[in-house]
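The points below may be read alongside the model.

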Amino acid sequence: MTDDTFNSEQGIHTDFKERMTYGDYLQLDALLSSQKRLSGHHDEMLFIIIHHVSELWLKLMIHEIQGAINAIKQHDLGSSFKMLARVSRVQTQIIHAWDVLSTLTPAEYMEFRDRLGNASGFQSYQYRLVEFVLGYKTPFILDIYEKEPEIQGILQQAYHQPGLYDVAIQAVAKEGFPINKDVLERDFSETYQKDGSVEDAWLEIYKNVDKYWDLYELGEKLVDVEDGFQQWRFRHMKTVERIIGHKTGTGGSSGVGYLKKVLEHYFFPELWEIRTRL
């Protein structure tokens, strides 16, 4: 940009002695000083930044999913659609983040992997919180955060609350569909298990789209989120395999083996089952 271009913009503020700047608002000093390499290796910066960026996107996903849960509870399905659509857009960003990390070669990663100790993405509490708000509850995960009682408290709260699919099923029941009482009054600290009455209800909704348009749209938004999550899990697994093969993860998991297993889990199983029955 030339000096003439700047000079033509007479209204641009340049005196910020008493005003908030862009950096102040975003607290960039704190954000950009958080990338501290533990080795002298050039590529450790890539590794740290990818994980920082992913955690920020996870934070927004949690914010939007929790907002969608509250909107569905209030029968404001329109607002929930916007929030869930945003979640899907965020998911495209964290999926593509693996493309950047995959530029890290096995030899490069081995140069600083030992500096991680037992630190691992397996311990990301925000990732676990996403799983919890989507309804996948794993009690042993809570033990990881015993030394961080505030974080453990956040997870404990989400662990006992209904997830996104629970409130979606409740919305279906409110429209008069006969959902099993055991499903509606279930222990929300347990991972959801598929139910015939829920599957029959979704099947009826999908066979009568015009009559149940809002519920149909809700079902499709849920499928979008699950599809994106599965793509993220797959890209995670393939990136790990590409960089470390089948080595044990730094956090003690089986690495690629563990990541392949979680690919088999469905958050919203009936919404996938009905596609065969339609």
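1. Helix H9 passes helix H11 in a left-handed crossing, that is, the near helix is turned anticlockwise from the far one by less than a right angle. The axes of H9 (residues 164-174) and H11 (residues 196-207) come within 11 Å and cross at roughly 65°. Axes are lines fitted to C-alpha atoms, for helices over the stretch in contact, with angles from 0 to 180 degrees between N-to-C directions; helices are DSSP runs (H or I, at least four residues) numbered from the N terminus.

2. The model is predicted: local features need pLDDT of at least 70, side-chain atom pairs count only at pLDDT 80 or more, and totals for chains, interfaces and linings use all residues. Residues are numbered from 1 along each chain as its sequence is written, and side-chain values use heavy atoms, without hydrogens and water.

3. From H9, Tyr165, Ile169 and Val172 meet Val198, Ala201, Trp202 and Ile205 of H11 (contact: heavy atoms within 4.5 Å). This contact has seven nonpolar, no polar and no charged residues.

4. The axes of H4 (residues 44-73) and H7 (residues 125-133) come within 9 Å and cross at roughly 25°. H4 and H7 are therefore roughly parallel (angles under 35 degrees). H4 also passes H7 in a left-handed crossing.

5. Arg37 lies in the loop between H3 (28-32) and H4. Beyond its neighbours within four places in sequence, Arg37 is in contact with His42, Glu44, Met45 and Ile48. The C-alpha atoms of Arg37 and Phe47 are separated by 9.4 Å.

How values were computed: Helix = DSSP H or I, 4+ residues; strand = E, 2+ residues; numbered from the N terminus. Nonpolar A, V, L, I, M, F, W, Y, C, P; charged D, E, K, R; others polar. Parallel < 35°, antiparallel > 145°, perpendicular 65-115°, else oblique.
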